[in-house]
Amino acid sequence: MILQVDNPVVEVHDLTVSYDRKPVLWGIDLTLPAGALVGVIGPNGAGKSTMIKAMMDLLPVGSGYVRIFDKPIDEVRNRISYVPQRESVDWDFPASVFDVVLMGSYGKLGLFKRPRKADKDAAMEALNKVGMQAFADRQISQLSGGQQQRVFLARALAQDADIYFMDEPFAGVDIATETAIIELLRTMREQGKTVIVVHHDLQSANEYFDWVVLLNMRLVASGPTEHILTQELLEQTYGGKLTVLTKVGELLRKQEFPSREAK
Amino acid sequence: MNDFVEFFSFSDTNIRYVTLGSVLLASSSAVVGCFTLLRKRALVGDAVAHAVLPGVCLAFILSGTKNPFILLLGAFVTGWLSLVAIDFITARSRIKEDTAIGLVLSVFFGVGILLLTAIQHSGNAAQSGLDKFLFGKAASLVGEDLIAFAIVAVLLLVTTIIFYKELTLLCFDQAYAKTIGFPVRLLELLLTTLTVFAVVVGIQAVGVVLMAAMLITPAAAARFWTDKLSLMLVLAALIGAFSGVAGAFVSYTAPAMPTGPWIVLIVSMIAILSFAFAPKKGWVSRLLRQRRNKTQILEENLLKLMYQLGEQKPNYDAPRQLHELLERRAIPQKEAKAGLKRLQNQGYVEKLPSGWKLSSQGQRRGERVVRLHRLWELYLTQYLHLASDHVHEDAETIEHIITPELEQKLIEELDFPVMDPHSARIP
């Protein structure tokens with residue numbers, strides 16, 4: 001069941017993404033409603049992070065397009081915030097917690113300009129919201145996994161965006177952090193923000209999200225949580241691999257075939 | 001000493017030139033090197049340095065002069081090409097970056113040596129001194145050359161300061177930089193260009209072969225001393241500048257000595273010293289920490305033994321002989337004695353004619369170690385479902401490291417327990 005919405009905040013049209021010519025996402029057609037807390041769910045290797053990255057234009061796209069607030073992403077970058085996976089950066093980098101959160105203001109500042117006093121206040125406020133104000137001067141290599149995630153979240157909050165894309169914010173964090181994060185996400189939803197979260201835990205998905213996207217190399221389902229988290233759809237997502245699809249993907253890579261004919 | 005005064009009075013124009021030149025070259029490449037290092041592209045600097053040689057030779061062959069600007073241009077072009085080649089090979093083939101760097105470095109350097117040899121045998125009189133590019137010529141930096149390189153060096157420093165915020169984000173989190181709309185490709189190009197320029201001016205001082213050291217070593221040394229990027233840049237620049245001056249000084253006092261290799265030797269010495277003596281991360285301070293842990297473990301074990309002996313009667317105030325302690329636990333006698341002496345100095349035990357006795361503070365500390373040991377054993381059996389005969393060894397180490405906050409938490413989670421898994425009382 002794939003439910004499309006009117007006036008979507010995110011519109012993905014016929015999106016195909018390949019790694020080294022092997023498609024990992026096939027023809028995704030997806031629309032998401034405003035003000036929703038969306039969970040993107042699927043097994044390992046289903047292409048959840050890939051989809052988020054392709055939406056953010058971090059990966060070359062084989063075909064299709066993405067529109068956010070009905071505009072190409074480059075026109076609305078200052079309304080979008082991205083929270084990458086925790087492991088994607090080197091936490092041994094010489095920076096303090098505050099330095100990292102302050103990066104949230106860089107987008108609005110643009111090039112050359114230094115963060116002003118107001119930006120520093122905003123960064124401190126964001127740290128406050130994730131309960132990390134006491135750690136502002138801490139070197140980032142001394143943080144636990146949960147604290148690292150909170151710092152990334154604070155950086156996103158400091159951006160003050162309208163739509164948030166979060167890649168596995170709950171992966172490898174302690175219970176206290178998980179609870180704190182979900183509380184925060186709910187507050188954001190109440191303020192009318194849209195939050196899209198890549199998530200791997202089915203148990204909590206039901207409770208956390210009001211819209212769920214099921215993904216496994218192709219879009220299996222998208223809609224309100226209660227209609228989507230059904231036995232049948234979950235089996236389609238997690239059960240039996242699409243062997244033929246995988247094999248065709250392999251073949252494209254080996255033969256160095258394009259996944260779309262040249263235009 | 002006379003040499004020292006004469007050198008550092010900078011009364012000689014030549015000395016002024018050479019020193020100023022070395023300082024600018026060394027510090028500007030050090031600052032750029034910090035970002036190259038943080039971007040994990042340290043080896044790339046080495047490839048560029050070697051790839052610069054064919055450019056210098058080609059520029060000379062085509063122009064027939066040794067005008068520094070023309071040679072710089074040639075150096076820049078091939079240095080930059082080598083980076084394009086590395087990126088192209090990694091993106092378009094299955095060859096990984098380290099292999100690509102090795103390939104590009106040797107091919108470019110090979111061509112460079114080939115051209116250099118050809119020039120040297122061509123009988124062109126103007127060519128003398130071109131081979132200085134191999135090992136540098138900091139000592140003979142004069143007039144026109146110096147002005148050219150100084151301008152580039154200052155430009156490098158200024159550009160790095162202007163783009164400080166952007167370069168930092170690029171090195172820390174490139175994907176994020178792109179999502180907030182930073183021109184990531186352009187910034188990458190900028191950093192690449194800065195690296196090439198740093199190498200091109202740096203080889204004037206230390207030469208092609210040793211250039212990688214000037215780029216990376218000051219940055220690596222500075223990283224040991226600080227966790228702040230801005231401070232790291234300043235430190236790297238200072239380390240670079242210091243080695244520049246020191247190298248110039250050495251070659252002043254001993255004219256037969258080559259300046260470039262001396263600069264590299266000095267900067268490497270600083271790096272080794274940083275590695276050894278830097279606070280927290282340095283090798284010595286880590287060794288000291290391990291020693292401290294070892295004495296702490298020994299002392300706490302002694303207090304624990306005395307407390308456990310007291311538990312038997314129970315009489316915690318009775319004096320104990322050393323052999324009583326050693327019967328319960330195999331500690332080398334000498335170490336045990338020294339440990340007891342230290343505990344006596346710290347006021348945890350008292351020495352009586354009839355043996356060693358716990359002071360009231362010593363009793364409390366011994367009791368705490370025993371308590372932590374038994375709490376941890378209980379925790380392991382309850383929460384990790386380990387068999388009660390498997391938990392002792394683990395508790396032997398954990399008992400020394402648990403903080404008072406963790407202790408409180410442990411007690412709460414275990415719901416204020418009275419007995420450990422071996423039915424011993426938890427004090």
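## A two-chain predicted model

Let's start with one helical stretch: residues 233–254 of chain B are 95% helix and 0% strand, and their end C-alpha atoms lie 32 Å apart. Helices here are DSSP runs (H or I) of at least four residues and strands are runs (E) of at least two, numbered from the N terminus. This is a predicted model, in which local features need pLDDT of at least 70, side-chain atom pairs count only at pLDDT 80 or more, and totals for chains, interfaces and linings use all residues. Residues are numbered from 1 along each chain as its sequence is written, while chains are lettered from A and ligands numbered from 1 in the order in which they are written.

That stretch also turns up in a record. UniProt, in an unreviewed entry, lists "transmembrane region" at several places in chain B, including 146–164 and 233–254; such annotations may be inferred rather than shown by experiment. Here are those two spans side by side.

Now for the inside. A nonpolar core is a set of buried Ala, Val, Leu, Ile, Met, Phe, Trp, Tyr and Cys residues joined through C-beta atoms within 7 Å. Buried means 20 or more other C-beta atoms within 10 Å of a residue's own, exposed means 12 or fewer, and partly exposed is in between, with C-beta atoms placed from the backbone. The largest core has 172 residues, and V38(A), V101(A), V52(B) and A236(B) have the most contacts inside it. Helix α2 (13–38) of chain B gives the most to this core, with 13 residues. Apart from it lies another core of 24 residues, L298(B) and Y348(B) among them.

Over in chain A, which residues of strand β9 (211–215) are buried? W211(A), V213(A) and L215(A) are buried on one side, and V212(A) and L214(A) on the other. β9(A) runs parallel to β3 (37–41) of chain A, joined by four bridges; strands count as paired if DSSP finds at least two bridges between them. One of the bridge partners here is V212(A), which goes with G39(A). β9(A) also pairs with β10 (219–224) of chain A, this time antiparallel over five bridges, and L215(A) stands opposite L219(A). Three residues lie between the strands of this hairpin, where M217(A) takes a positive phi near 65°.

Chain A also has an open antiparallel sheet of four strands, in the order β2-β1-β4-β5. β2 (22–32) and β5 (71–72) are at its edges with a single partner strand each, so one side of each has no neighbour in the sheet.

Finally, how do the chains meet? 19 residues of chain B are in contact with 19 residues of chain A, contact being C-beta atoms, placed from the backbone, within 7 Å. The chain B side has nine nonpolar, three polar and seven charged residues. F93(A), in the loop between β6 (80–83) and α2 (97–102) of chain A, is in contact with L38(B) and F172(B), among others. F93(A) counts as partly exposed because it has 18 C-beta neighbours inside 10 Å.

Definitions and conventions: Contact = placed C-beta atoms within 7 Å. Nonpolar A, V, L, I, M, F, W, Y, C, P; charged D, E, K, R; others polar. Lists of a residue's contacts leave out its neighbours within four places in sequence.
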